[in-house]
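Please consult the sequence and structure shown here while reading.

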Amino acid sequence: MQHTSILLNRLLTVKDVSPLVLLQDTPRQTAKYLLLEFIHRNAEVPGVQVIFLSFETPSGSLDWIGCTNLRYIGCNRLSHEAIHDKVNCLLPGDQKSLILVDSLADIPAVDLVSFITPLIRPSSTLVAISHLPLSEHSSQPTPSYAPSATTQLLYLATTIIKVLPMPEVKIDEVDEACGTFLLPLGSNSRQSRLEFLHRRKSGRAVQGSFRFDFATHTLAFIQQSTTADESSGSTEVNHALLKNLTTFNLGTTEKQRVARDKVELPFLKAQEADVAGAAVGGAIVYEFEKEDDYDEEDPYEDPF
Amino acid sequence: MSKLPDLLRVFDGAHLPLSKTYPQLILVTSALSTSGSWILQHFVRASVANQQGSPYGSDSLEQKRPVVFVSFLHDLEFHARCFRKAGLDLNAIITAKQFIYVDGFTRLFVATPAETNSMVYLQSANKSTWLYQIRSAILEAKAGGISPTLIFEGLDSLHALGIMTAKEILRFVADLQEDSAISIISAYSVDRMLDGMSTLAQEQTAYLFSLARRAVAVFSLRPLSTGMAEDVTGAMRITNGGQPCDAREIVDENEFHYFLGDGNVGGVKVFEKGHW
């Protein structure tokens, strides 16, 4: 838990590089506040160049953040090559940078991957908002066995953050009945819930939920109490199913369940992180016991 | 002068903290039985009227903001009649260069104009000149040094008519938005127009969602779900759009009922639910 929250904070401040961070939002809750949080956290960090590729944000609307490292590029009338050229001009070397794209919705589905890949660089983090639902990006392309543009993005992304309304926006039945597109009250607020998924270089995925508040710039980890309830609920169901099935006792008592939860599994040690957030995983931990036959000699020692 | 005191109170500065430094967009969505024309007319009045309680906050107390009104749904006469009912003399503000009407309705499909006058007409045959025509109108309104309010009515009918695709319309708006202070766009949001697999429905959905993301505030008009009522025409909801308004403030969300009076004595009443 602590590890996941450190990881997200490190991503926000570009201490960890994640080549493609995909933010998914809906008309009910915009991801723009999270995008602004990236700018806010790097506003006074020397040496980090922030580039904002704008498809729907008017120029001048980011001035209040006061980020001196920020370069705004209006992309509405530019070809993709021209955008890539501008970014290359601003980032000639392999310097630490943050490239923000406020909307991928205006890019045709067929060009999406060719637009994104040149923007991915070794030391820069690319953050792009993908708006859902978007019929053009989610529909199947003409060879129907190929994945849709939205699916391709999910494969490419190293971090996926879904932005959801928080507190849960209630969908009024009266709203549903009125037969028009209607944003519920409380939409697009500065507080939101983030469903975070990060794919590490090793391939292991880390996930968690956060409560994000742009007004106070805070992130709070949300305990997954609902899943715990669900799992305990399911064991009860299993227990009821197994009850009169055989003459053997297949269920577990509460005492047995608690004892089972206490068993320390060997691989858990590798997943623990130190305080700085760096994982110590990978090392094989073996503690010798009294009756082990420990051989002092090195089997690989040169016999001569 | 005003027959709309309640309405003006509803849209006082607290509801829309708009910035003067960069262009912002407001979206008005409407259904077939609840037209959005009256609210666009209110924005015109608030923009040129130079009075406290306009939607532009305290900034407008010092200066009036001229209006460029582009309509693809109505001619000037329709709006003039509505303004007369509300006690606003349209000719006076046109003469004072406070209001420029760009007519995209009367001669949209007429090849040659019947007579020439000083009005700006948009024709589908000369689509390429529209940007220039509207931009000239904006520059004319800007002559006094204040960026105008730009209002579009029925822009979504252009893709239904096959004149522009939804993407072209959005780019068109983005270009014009740069020259104006506030842009207000009305769009239809009925489910029947948005559902289904037809290209038209998909385009309308993409268009509407795209505008909702770019807007700082969304005014949604809809009929009552309980059916027709004698004293309530419809409901209006003000919510935040997808574009962050500013660092400090946020649109004051609320929901109201409204009543449009009929005939010559007609006016608009906006009130909290159940407080008629």
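## The sheet of chain A

Leu197(A) has Gln207(A), in strand 8 of chain A, as its bridge partner. Strand 7 (191–199) of chain A and strand 8 (residues 205–213) of chain A are antiparallel and share 9 bridges; strands count as paired if DSSP finds at least two bridges between them. Helices (H or I, at least four residues) and strands (E, at least two) are DSSP runs, numbered from the N terminus.

This is a predicted model, in which local features need pLDDT of at least 70 and side-chain atom pairs count only at pLDDT 80 or more, while totals for chains, interfaces and linings use all residues. Residues are numbered from 1 along each chain as its sequence is written, and chains are lettered from A and ligands numbered from 1 in the order in which they are written.

The 9 strands of the open sheet in chain A follow the order 3-2-4-5-1-6-7-8-9, with mixed pairing. Strand 3 (70–74) and strand 9 (218–222) of chain A each have a single partner strand, so one side of each edge strand lacks a neighbour in the sheet. On average, neighbouring strands of this sheet are turned by 20° against each other, direction ignored. Helix 3 (residues 80–90) of chain A packs on the sheet and touches strand 2 (49–54), strand 3 and strand 4 (97–101) of chain A. The direction of helix 3 makes about 165° with that of strand 2 of chain A; axes are lines fitted to C-alpha atoms, for helices over the stretch in contact, and angles run from 0 to 180 degrees between N-to-C directions.

## The fold of chain B

Chain B holds 9 helices and 10 strands. Of its 276 residues, 46% are buried (20 or more other C-beta atoms within 10 Å of the residue's own, placed from the backbone; exposed if 12 or fewer, partly exposed in between).

An open sheet of 10 strands in chain B has the order 4-3-2-5-6-1-7-8-9-10 and mixed pairing. At its edges stand strand 4 (120–121) and strand 10 (268–272) of chain B, each with a single partner strand, so one side of each is without a neighbour in the sheet. Strand 8 (residues 234–240) and strand 9 (residues 254–260) of chain B run antiparallel and are joined by 5 bridges. Within strand 9 of chain B, Phe256(B) stands opposite Met236(B).

## Helix packing in chain B

Helix 5 (residues 130–141) and helix 7 (residues 166–177) of chain B pack at an angle of about 25°, with their axes 10 Å apart. The two helices of chain B are therefore roughly parallel to each other (angles under 35 degrees; over 145 counts as roughly antiparallel, 65 to 115 as roughly perpendicular and the rest as oblique). Leu131(B), Ile134(B), Arg135(B) and Ile138(B) of helix 5 meet Phe172(B), Asp175(B) and Leu176(B) of helix 7.

## Where the chains meet

The contact involves 32 residues from chain A and 39 residues from chain B, residues being in contact if their C-beta atoms, placed from the backbone, lie within 7 Å. On the side of chain A that touches chain B, helix 2 (32–41), helix 5 (135–138) and helix 7 (173–177) of chain A each supply at least two residues. Helix 2 of chain A gives the most, with 3 residues.

Phe181(A) lies in the loop between helix 7 and strand 7 of chain A. Phe181(A) is buried, with 24 other C-beta atoms within 10 Å. Apart from neighbours within four places in sequence, Phe181(A) contacts Thr29(B), Ser189(B), Asp191(B), Leu194(B) and Leu208(B).

Notes:
Contact = placed C-beta atoms within 7 Å.
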